Amino acid sequence: MVAGLAVLAALFATHIADASVVRDKKLAAVTRTSNDSVLHWGPCDPSIVTDPSISCSFFEVPLDYNDPKAGFGRIAIAKANATGDRVGTIFFNPGGPGVSGLQALDQSSGLLLTVSGGRYDIVSWDPRGVGPLTVPGDIYCFDSSEEYNTFWNGTIELTGIEMTGNFTDPDDINALLSQAPIMQKKYEDLGERCLQHPTGKYLRYLGTAATVRDMVALADALDGPGAPVNYAGISYGTVLGSWFVNMFPERVGRVIVDGVLNPIFLATEETSFFVSNQLADADKVYQGFVTGCALSGPSGCAIATEGQSAADVDADIQTLLQEAHDAARRNSSVPVTSAEVREQLREAMYSPDEWAALANTSYPEAVAAVTAENHSQSGSGTMRRNLHKRQMNDTPSYTIPAILCSDSVDRRGTTMLDIFESIISGSRTASHLFSATWPNPFQYCPFWPVRAVERYQGPFNKTLANKVLVISNTYDPATPLAGARALVDLLGDNARLAVQNGFGHTSMSSPSQCLNKIILAYLTNGTLPADNDTVCQVDTDYEIFNGVNTEAILAAFGPQ
């Protein structure tokens with residue numbers, strides 16, 4: 001898709017807190033969910049939604065669609081009006097889970113209106129568990145950052161996991177495994193804290209099945225009872241998409257899912273054990289990064305020196321990680337650890353737009369900080385601000401694990417020792433760099449006390465009213481191409497696959513006029529590729545590093 005949406009790539013991984021969205025709540029009156037619901041649209045708070053053409057409202061929904069006595073909640077919604085002859089609504093979910101749809105629409109409304117030909121209203125919303133306006137909204141387990149930091153003090157929740165290479169150093173292994181009993185008790189206690197917190201009463205009403213029903217009810221209100229539901233979802237939003245098309249196959253209109261999480265994994269496996277599947281291509285994206293850096297050289301990538309190969313650039317990064325690791329082993333209070341450097345790398349892999357900034361700003365700061373650590377000097381304030389993430393300055397939301405674990409399979413007696421051993425194994429077989437990311441929301445679910453009152457666990461091969469479009473990058477650090485292929489295999493002739501031959505999380509991470517044309521044709525007249533072999537190239541005028549585009553990186557990359 002069109003470039004310039006790097007801010008969204010960051011949203012895919014991290015929930016951004018909302019503030020008040022509707023300036024005048026009287027202009028966004030809540031109505032009961034029914035076929036004759038009327039939404040009252042009003043101006044949005046400009047501190048959240050800066051595009052004045054977007055309007056906001058509320059929509060009331062039952063907390064439990066099978067139990068009216070459970071009461072009602074409300075979802076905060078935003079709409080960008082069609083710019084041409086309107087044919088319906090496209091509902092957009094930016095993933096996470098836990099990303100604000102209001103903020104995402106503010107960032108991407110122009111893109112979505114363009115690729116849909118301006119013929120649809122684009123509606124997004126803060127799903128259950130997200131933001132301060134939707135009820136239930138953000139999920140909290142602590143009342144202050146001080147309480148959070150005190151609870152986790154002395155654990156890897158604040159420091160991350162220290163390791164190097166592919167996690168074979170016995171000292172690293174022993175250091176991690178020794179924390180297993182402590183962290184198991186902490187995660188069990190955390191679950192109880194979350195349950196006892198005022199927001200805990202809503203935990204059972206979160207989850208993707210309820211969000212599917214909210215979207216269908218909203219479609220009834222906006223486009224009429226029984227109207228086709230048009231949907232675009234990215235990242236975890238593809239779970240919403242795959243559940244929707246199988247829960248309501250007769251309601252499927254134009255549906256696009258991009259950056260696919262294999263729904264079979266979520267339906268059959270504990271989240272802790274399919275992390276490795278999600279990281280299958282993460283190190284390949286990193287390889288693309290170091291390849292582009294080497295091609296650009298020192299004029300475009302500060303990590304590289306003249307004449308270095310991609311292997312040389314990687315070796316320099318590995319040296320930095322080793323030095324940061326060793327400094328942290330000598331003094332656990334150093335400002336920059338190898339875990340934090342790996343986290344900087346992981347976040348940048350989501351968006352090639354961020355690769356040059358990582359190489360030319362964050363990396364030199366990390367080198368300076370680690371050098372200071374190894375010479376017993378204190379890191380600079382800038383380094384601490386940009387890289388030091390051990391303690392929370394704001395009370396953290398647990399929205400992401402609350403939604404993810406609501407959708408998860410039932411608890412199966414998995415221990416923290418099991419999880420740690422899977423992390424060590426994944427570091428050797430799946431992703432050397434990123435398997436040891438901690439904290440990781442996927443790891444909370446074996447200890448999370450609640451599952452949603454409704455979960456959809458299949459089948460995922462229903463016959464659909466209309467065919468859907470499935471999209472994936474060739475190299476995605478969080479949702480590998482294999483997930484998209486698996487969904488297409490499940491849906492059979494009900495789906496078509498289009499691959500964007502590039503790097504990053506979802507096709508929105510890079511521009512492709514080829515893919516834009518496929519999306520436009522599908523949304524305007526239902527035309528899909530004839531088969532599942534369509535591959536679109538990233539636009540050649542999109543440079544990742546100075547003088548280096550995706551085509552050049554792929555050419556130097558070689559077969560993977």
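Partly exposed denotes a relative accessible area between the buried limit of under 20% and the exposed limit of over 50%. The legends below refer to a predicted model.

**Figure 1. Close-up of the disulfide between Cys514 and Cys536.** Cys514 has 33% relative accessibility and therefore counts as partly exposed. The link of Cys514 and Cys536 is left-handed, with -60° about the S-S bond. Cys514 belongs to helix α19 (residues 513-525) and Cys536 to strand β10 (residues 534-537), so the bond ties together parts 22 residues apart in sequence.

**Figure 2. Close-up of the disulfide between Cys405 and Cys445.** The S to S distance is 2.2 Å. The torsion about the S-S bond of Cys405 and Cys445 is about -90°, so this disulfide is left-handed. Distant parts of the chain are linked here: Cys405 sits in helix α16 (residues 399-407), while Cys445 sits in the loop between α17 (416-429) and β8 (468-475), 40 residues apart. Cys405 counts as buried because its relative accessibility is 0%. Cys445, with a relative accessible area of 1%, is buried.

**Figure 3. Close-up of the disulfide between Cys293 and Cys301.** The sulfur atoms of Cys293 and Cys301 lie 1.9 Å from each other. A torsion of about -85° about the S-S bond makes the disulfide of Cys293 and Cys301 left-handed. Cys293 is buried, and Cys301 is buried as well.

Figure 4. Taking a disulfide as a pair of cysteine sulfur atoms within 2.5 Å, the count is five.

**Figure 5. Close-up of the largest cavity and its lining.** The structure holds seven cavities of 30 Å³ or more. The largest cavity contains about 150 Å³ of space. Its lining comprises 16 residues, and those nearest the centre are Asn93, Pro97, Pro127, Tyr236 and Ile403. Helices α7 (208-223) and α8 (237-247) each contribute at least two residues to the lining of the largest cavity. By residue class, this lining consists of eight nonpolar, seven polar and one charged.

Key:
Residues numbered from 1 in each chain as written. Predicted model: local features only at pLDDT ≥ 70, side-chain atom pairs only at ≥ 80, totals over all residues. Heavy atoms only, no water. Buried < 20%, exposed > 50% of the residue type's maximum accessible area, 1.4 Å probe, protein only. Helix = DSSP H or I, 4+ residues; strand = E, 2+ residues; numbered from the N terminus. 1 Å grid on protein atoms, 1.4 Å probe; cavity = no way out; pocket = protein on both sides within 12 Å on 5 of 7 lines; lining within 4 Å. Points joined across faces, edges and corners; volume = space filled by probe spheres on them. Nonpolar A, V, L, I, M, F, W, Y, C, P; charged D, E, K, R; others polar.
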